[in-house]
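Thanks for coming. I will go through one model today, starting with a pair of side chains and ending with the overall dimensions.

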Amino acid sequence: MTRIINLRQARKSRDRDAKRAEGDRNAARFGEPKHLRDAREAEETRIRSLWDAHRKDDCADD
């Protein structure tokens with residue numbers, strides 16, 4: 001026997017799940033405190049400058 005579903009409840013459940021997923025994405029993206037975000041960005045900048053300092057230039061001035 002087939003299962004009877006209420007389409008209104010299914011649609012509301014689907015929309016609720018989509019909003020919850022969007023909220024989770026936003027929390028991961030914007031939920032980081034400013035001091036932690038600044039520390040992470042500073043560390044990334046430091047590492048990038050370290051890599052740039054050790055880079056070999058392949059093209060020589062001719």
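In which helix do R46 and E43 both lie, and how many residues apart are they? They lie in helix α2, residues 34-53, three residues apart, about one turn of the helix. Helices here are DSSP runs of H or I with at least four residues, strands are runs of E with at least two, and numbering starts from the N terminus.

Some housekeeping. This is a predicted model, where local features need pLDDT of at least 70 and side-chain atom pairs count only at pLDDT 80 or more, while totals for chains, interfaces and linings use all residues. Residues are numbered from 1 along each chain as its sequence is written, and side-chain values use heavy atoms, with hydrogens and water left out.

Back to the pair. The side chains of R46 and E43 meet in a salt bridge at 2.8 Å, N to O; the term means a side-chain nitrogen of Lys or Arg within 4 Å of a carboxyl oxygen of Asp or Glu. R46 is partly exposed because its relative accessibility is 44%, and E43 is partly exposed at 37%. The cut-offs are under 20% relative accessible area for buried, over 50% for exposed, and partly exposed in between, with a 1.4 Å probe and protein chains only.

The whole structure has six salt bridges. Another of them joins R40 and E32, with the closest N and O atoms 3.0 Å apart. E32, R40 and E44 are linked in a network of salt bridges. R40 is partly exposed at 35%, and so is E32, at 27%.

Now helix α1, residues 7-30, which holds R16. R14 lies in helix α1 too. R14 forms a salt bridge with D15, the closest N and O atoms being 3.6 Å apart. Is R14 buried or exposed? R14 counts as exposed because its relative accessible area is 54%, whereas D15, at 37%, is partly exposed.

Finally, the overall picture. The secondary structure comes to two helices and zero strands. The C-alpha atoms fill a box of roughly 80 × 35 × 20 Å along the principal axes. Buried residues make up 0% of the 62.
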